[in-house]
Amino acid sequence: MDEQYRTQDEEFRILIVEDEQDIAGFLKLEFEHEGYEVKCCHDGRSALEEARGSEWHLIILDIMLPGINGMEICRRIRADSDVPIIMLTARHTVPDKVAGLDSGADDYVVKPFAIEELLARVRALIRRNVPKTRAEQLRAGGVVLDRATREVSRENVPIQLTAREFDLLEVFMVHRNHVLTRQQILELVWGYDFVGETNVVDVYVRYLRTKVDVPFDTQLIQTVRGVGYIFKA
């Protein structure tokens, strides 16, 4: 995803290492629902084989595993890979957290956890670790967005956007043809620490539509009922 978060045709690949198969299965379903490609393994040795044998965008790693524990796996992975790693464990004392981070983990999530928090941490960690280089212009559905000049046009007609509308359109175009929930849009446009109601997304989508869609024949920004929005180009 060199277009800020990776190309639309490439799925994020996540490896889940968790010996409790019910938890692993639950996480797999949740992450696949979010559009990730997921594989699970349930012991330390198979985790090392998977980590070294394939390219992963992120690894979720339990500490208590049969065979080789999670901290040792993390240290071995770190010897030759910078893949983001989230430790997942029932241990919650400060020394445990420090040991996990010192072994090379990027984040540490304590069981029991809210799946929404884990998903948010995954998205934040992926964003921090994607390549910084990106194309200056995005093009989709006749829309041209220039990141350097912050100018937008559709079918060669200039469109005047506010700063927030521009950022929203950029996120839509980067994730074109992918459904984004309101919460995802909030985190990508307003930031992970935003405090407020998700209906601010609906308000700004309406503003954006009046400028990008209403004057034209094809509606690019579409509502996915009960989920969120998609920029369909």
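Modeller: The questions and answers below concern a predicted model.

Colleague: In what order do the five strands of the open sheet stand?

Modeller: The pairing in this sheet is parallel. From one strand to the next, the twist averages 20°. The order of the five strands is 2-1-3-4-5.

Colleague: Which residue of strand 2 is the bridge partner of Ile16?

Modeller: Strand 1 (residues 13-17) runs parallel to strand 2, and five bridges join the two. Within strand 2, the partner of Ile16 is Cys40.

Colleague: At about what angle does helix 3 run to strand 4?

Modeller: Helix 3 lies across strand 3 (58-62) as well as strand 4 (85-89). Its angle to strand 4 is about 175°.

Colleague: Which helices each supply at least two residues of the lining of the second largest pocket?

Modeller: The residues that line this pocket include Ala51, Arg52, Arg76 and Ile77. Ala51 and Arg52 fall within 44-53, and Arg76 and Ile77 within 70-78. The helices concerned are helix 2 and helix 3.

Colleague: How many charged residues are in the lining of the second largest pocket?

Modeller: The space in this pocket is about 230 Å³. By class, its lining has five nonpolar and three polar residues. Charged residues number four.

Definitions and conventions. Residues are numbered from 1 along each chain as its sequence is written. This is a predicted model: local features need pLDDT of at least 70, side-chain atom pairs count only at pLDDT 80 or more; totals for chains, interfaces and linings use all residues. Side-chain values use heavy atoms; hydrogens and water are left out. On a 1 Å grid over the protein atoms alone, a cavity is a set of points where a 1.4 Å probe fits but cannot get out, and a pocket is an open set with protein on both sides within 12 Å along at least five of seven lines; lining residues have an atom within 4 Å of a point. Grid points are joined across faces, edges and corners, and a volume is the space filled by probe spheres set on the points. Helices (H or I, at least four residues) and strands (E, at least two) are DSSP runs, numbered from the N terminus. Ala, Val, Leu, Ile, Met, Phe, Trp, Tyr, Cys and Pro count as nonpolar, Asp, Glu, Lys and Arg as charged, and the others, Gly among them, as polar. Two strands pair if DSSP finds at least two bridges between them. Axes are lines fitted to C-alpha atoms, for helices over the stretch in contact, and angles run from 0 to 180 degrees between N-to-C directions. Contact means heavy atoms within 4.5 Å.
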